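Here is a short briefing on how two chains meet. Look over the structure first, then read the points below.

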Number of protein chains: 2
Amino acid sequence: MSELTLHAEKLDAEDELASLRDRFVLDDAVYLDGNSLGALPAHVPGRLADVVRREWGELRIRSWEESGWWTAPERVGDRIAPLVGAAPGQIVVGDSTSVNVFKALVAAVRMAGDDRDELLVDATTFPTDGYIAASAARLTGRTLRPVTPAEVPGALSRRTAAVLLNHVDYRTGRLHDLPALTAAAHASGALAMWDLCHSAGALPVGLDEHGVDLAVGCTYKYLNGGPGSPAYLYVREELQDRFDSPLPGWNSHAEPFGMSPDYAPAPGAVRGRVGTPDILSLLALEAALDVWDGVSVTAVRAKSLALTDFFLRCVAAYTEPGRVECVTPERHAERGSQIALRCPDAGQVMKRLIARGVVGDFRHPDILRFGFTPLYVGFRDVERAARVLGEELV
Amino acid sequence: MSELTLHAEKLDAEDELASLRDRFVLDDAVYLDGNSLGALPAHVPGRLADVVRREWGELRIRSWEESGWWTAPERVGDRIAPLVGAAPGQIVVGDSTSVNVFKALVAAVRMAGDDRDELLVDATTFPTDGYIAASAARLTGRTLRPVTPAEVPGALSRRTAAVLLNHVDYRTGRLHDLPALTAAAHASGALAMWDLCHSAGALPVGLDEHGVDLAVGCTYKYLNGGPGSPAYLYVREELQDRFDSPLPGWNSHAEPFGMSPDYAPAPGAVRGRVGTPDILSLLALEAALDVWDGVSVTAVRAKSLALTDFFLRCVAAYTEPGRVECVTPERHAERGSQIALRCPDAGQVMKRLIARGVVGDFRHPDILRFGFTPLYVGFRDVERAARVLGEELV
């Protein structure tokens, strides 16, 4: 047995979170794609079967009240809140991340006022945020200015309405400095909006602590909500009364069953709703969030960094120097919960890894992406992944 | 046994669709709320369990390709298409009805051009359409003009960009003249958009035949997709290349995995997508649509009218004259698949009916609403509902 294998065993033995793996359905593969689709929490199938057979099949329409369907978007939002450092009452779950980016950006422009005619958006971001930001700018008559996160402080001005940034870059795994960039936006009078898709559930976010104004995120990566599970929208409490949604559907009305022809927005997080909530997916997500019971995000972050550190060490040991280039920052303060390695034949290499039971993903054109979910990935998994990678890179 | 009971038995015996009831999970209640939430199709729990346990739990990320997740929005759209008289390739499933109304109205304004500065919207419609239309008008600098469907022909002008109407009114059950109103809109050069929430699955719609431009609808009423199941968007084939969505999320990109910073819309129905599709709900809906195998919408419509005719006859027989007022039109050409009865104490009456196993719903301020789903409601159900109603109205 190699030194790294022995060390992996030692790290697993010392891992306080190791037993959480039992809360998931897993097999012999090393699953390093939880940053694309989280694994299935073991109790979700049973809970969803009950939702379908009893709540829908037997209670039917009564479940909107009796089974708590109607209030699920805010209830599930309050389950996500502690994972991203938010007090209750500020997060609503529903729609896709893209739709929530649109709501939040248009609302931000309206809150910022007519003097501020520019939106700054992360040019390195997951593209949908940029596409949606361009649409929000077009519809509100603002100018969209793509910048790298490093350029943000210099680009901020009295013209800036809002800044939309990704907390962790989906491709490189780079973690951006949320406290500093939020403070910089505020110093220029702009609103700070963050996309948490690749950070929530993997590291502390601290939305309230750092005064973030608006945030969105998906729930199917580190939150394990299932394929395409609904996204969420955070609106800081102080801003909720001024949140003027471009999608004022009946579910966000102060009296949704009054069926009034005039729109009157509800107070609080409810204002971020649009249409009828997607109950099956929402309640599958609610059940999935049970895996976080008793889990500290600080401990998750510590393990995440230990996993990625160890992966880098194993890759260095098992791979010919220069065969791959790590594009994820080495500094902990700049690293999310993934490692992205660049190599020219990344697409083919990833196919071979998957065939050998090491599941990461390929991102165009030349990135091997490995996500480390501390709730169910262990150190022996990491050693094996790096070893198989080394063998396939020969 | 009363004459009406005997007649109900005769009608049930002659009903060609009677056996379809076995495709649903039902109990001893008379469920006349399928126009709010359709009953559970019997095979959906098994199919959804497989999606969760095998496709998500075992195949995980591979299912996007291997289980056909990625193409589900258009595949399920093509399952809905024959029910609303559409050729394949024009319907995409996803998001809520409200979000789809927004996409379609903003796209309609853009297609209509700058000279047309007015949107006509059904003033009697389900309120969310009006709220969303007001937002679309505000963001595109158009004027919103609420009119009753009867006023539409007189209100159309060279200023009209688009007309948004409900095919069946959610409150009164009135069926509007889709062919004539669509033709009137076209005669003035406006686009015709229809909300099919209360007609799809209950009666023939004929989108292609009548040249409808845009349509939206939910899938949780007569299509039995489950609570809050995803809605759909129809864009007539000839208009798809000009469909300029205000929600251009990455799923609608011509090359979604190219991750290009520049947006290039996909051709066809895919262009109506936004973010990652909600797979659990989408595949539950796909399974639910199996109940339509071998079922003709014409036969469904014939039974729907027979059910509502018989209900009105039984109500007349069992209820003191003048105790309720029927607000649903008597003429078949103007009637959807529901009967709405007005009485001052409707809220209390509906509570008593539900307690006695006759489930309809109450719509503010004074409407008893009874929906008739021909796939699982029979004539003895109808007689019993009217009899219990008569007893409770004494």
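In this predicted model, 4 salt bridges cross the interface of chain B and chain A. A salt bridge here is a side-chain nitrogen of Lys or Arg within 4 Å of a carboxyl oxygen of Asp or Glu. One pairs Arg138(A) with Asp244(B), with the closest N and O atoms 2.6 Å apart.

**Polar contacts**
- Between chain B and chain A, 21 residue pairs are in polar contact, both residues at pLDDT 80 or more.
- A polar contact is a pair of N or O atoms within 3.5 Å; within protein, one must be able to donate a hydrogen and the other to accept it, and residues adjacent in sequence count only if both atoms are side-chain atoms.

**Extent of the interface**
- Chain B gives 77 residues to the contact, and chain A gives 77 residues (contact means heavy atoms within 4.5 Å).
- About 6000 Å² is buried between the two chains, 66% of it on carbon and sulfur atoms.
- Buried area is the accessible area (1.4 Å probe) that two parts lose on being put together, summed over both.
- Trp56(B), Arg60(B) and Tyr131(B) supply 14% of the area that chain B buries against chain A, more than any other three residues.

**Conventions**
- Residues are numbered from 1 along each chain as its sequence is written.
- Side-chain values use heavy atoms, leaving out hydrogens and water.

Key:
Chains lettered and ligands numbered in written order. Predicted model: local features only at pLDDT ≥ 70, side-chain atom pairs only at ≥ 80, totals over all residues.
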